[in-house]
Amino acid sequence: MTSDEREGGFTLVEVMVALLVFAILASGGVALLAFSARAQAASGRALDDVGALNRTLSILAADLAQAQPRPVRDEAGTPLPAFVGEADGSAQPMLRLVRGGWTNLDRQPRPGAQKVSYRLDGGVLQRLGYPQLDGAAPLSPAPLLDRVRGVRLRYRLAGAWSDRWDGAGGVPLPQALELRIARDDGTEYRQLFLVGSGFAPRATGDDAG
């Protein structure tokens, strides 16, 4: 081997420098890939959460819009008002109503109306459906939204808001409902819903005007 052939190779220092540059580029690529994976996962969680919130509001809006003034009975046969709502999520349930439009795809022997209720359990907002209007135990709860710190409800009738609704005064349904949801991250949401498509009680001599 001639001296020119020996001088055409790489020295140890050159090899070490090349390895160092490759290591820096590789570590930067790994860090960029890890950041992209974390960002994608965070975006996925945020999108899933927004989707869950939108589904929750859509389901609640559909239930409230089709609310019916139909009294029911619980499992013990005790009469209950058609619409019962509390002020916050600590009540079990915090909201219970009868809604129409229950689609019967399987043609089961059941009514076209359904009793539903909402509750907050362990930071998860849940919806419970009942197979029958009277005397039936609820079906398994359907989780709607997690990481819920608290829920506040108000009910509107004839321009006045109240923190509780039980049909007192002979009016079975409120006209509107206000929902406030507080999440674990401090985010709060407020939404207004029409009840029974803006349920209008029968006018009396005092309020006919």
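Me: Among contacts in the protein between residues at least 6 apart in sequence, what share join residues at least 24 apart?
Reply: The model is a predicted one. The contacts considered here are those between residues at least 6 apart in sequence. Within that set, the share joining residues at least 24 apart is 49%.

Me: How many helices and strands does the secondary structure of the protein come to?
Reply: Read along the sequence, the pattern is α-α-β-β-β-β-β-β-β-β-β-β-β. The secondary structure therefore comes to 2 helices and 11 strands.

Me: What percentage of the residues in the protein is buried?
Reply: A residue is buried when its relative accessible area is under 20%. The protein has 209 residues. Buried residues make up 30%.

Me: What part of the accessible surface of the protein belongs to carbon and sulfur atoms?
Reply: The accessible surface of the protein comes to about 12,800 Å². The part that belongs to carbon and sulfur atoms is 58%.

Me: Is Phe 10 buried or exposed?
Reply: Phe 10 is placed in the loop between α1 (3-7) and α2 (12-65). Together with Leu 12, Val 15, Met 16 and Leu 19, Phe 10 forms a nonpolar patch on the surface, with about 580 Å² of accessible area together. The relative accessible area of Phe 10 is 73%, so Phe 10 is exposed.

Me: How many of the residues of β4 are buried?
Reply: Side chains in a regular strand alternate between the two faces of the sheet. In β4, Leu 95, Leu 97 and Arg 99 point one way, whereas Arg 96 and Val 98 point the other way, and all are buried. Strand β4 is therefore largely enclosed by the rest of the structure, and the buried count is 5 of the 5 residues.

Me: Which residue stands opposite Leu 95 of β4?
Reply: Strand β3 (residues 83-85) and β4 run antiparallel and are joined by 3 bridges. Opposite Leu 95 stands Gly 85.

Me: Which residue in β5 stands opposite Arg 99?
Reply: Strands β4 and β5 pair in the antiparallel sense, over 5 bridges. In β5, the residue opposite Arg 99 is Gln 114.

Me: What is the nearest side chain of opposite charge to Arg 96?
Reply: Arg 96 lies in strand β4. Not counting residues up to four places away in sequence, Arg 96 touches Leu 80, Pro 81, Ala 82, Phe 83, Val 84, Lys 115, Val 116 and Ser 117. Arg 96 is buried yet has no salt bridge. At 7.5 Å, the nearest side chain of opposite charge is that of Asp 74.

Me: Is Gly 112 buried or partly exposed?
Reply: Gly 112 is found in the loop between β4 (95-99) and β5 (114-121). Leaving aside neighbours within four places in sequence, Gly 112 is in contact with Arg 99, Gly 100, Gly 101 and Trp 102. The relative accessibility of Gly 112 is 44%, so Gly 112 counts as partly exposed.

Me: With which residue does Asp 49 form a salt bridge?
Reply: Side chains of opposite charge can pair when their charged atoms come close. Asp 49, placed in helix α2, has a relative accessible area of 14% and is therefore buried. Leaving aside neighbours within four places in sequence, the contacts of Asp 49 are Leu 145, Asp 146, Arg 147 and Arg 183. The closest N and O atoms of the salt bridge are 2.7 Å apart, and the partner of Asp 49 is Arg 183.

Me: How many residues apart are Asp 49 and Arg 183?
Reply: The salt bridge between Asp 49 and Arg 183 links distant parts of the chain, helix α2 and strand β10 (residues 176-183). Both residues are buried. Their separation is 134 residues.

Me: How far apart in sequence are the parts that Asp 88 and Arg 152 tie together?
Reply: The side chains of Asp 88 and Arg 152 meet in a salt bridge (3.4 Å, N to O). Asp 88 lies in the loop between β3 and β4, and Arg 152 lies in strand β8 (residues 148-157), so the pair ties together parts whose separation in sequence is 64 residues.

Terms used
Residues numbered from 1 in each chain as written. Predicted model: local features only at pLDDT ≥ 70, side-chain atom pairs only at ≥ 80, totals over all residues. Heavy atoms only, no water. Helix = DSSP H or I, 4+ residues; strand = E, 2+ residues; numbered from the N terminus. Buried < 20%, exposed > 50% of the residue type's maximum accessible area, 1.4 Å probe, protein only. Contact = heavy atoms within 4.5 Å. Patch = residues over 30% accessible without salt bridge, like charges linked within 9 Å, V, L, I, M, F, W, Y side chains within 5 Å. Areas by Shrake-Rupley, 256 points an atom, 1.4 Å probe, with all protein chains shown as cover. Salt bridge = Lys/Arg side-chain N within 4 Å of Asp/Glu carboxyl O. Pairing = 2+ DSSP bridges. Lys, Arg positive; Asp, Glu negative; His and termini not counted.
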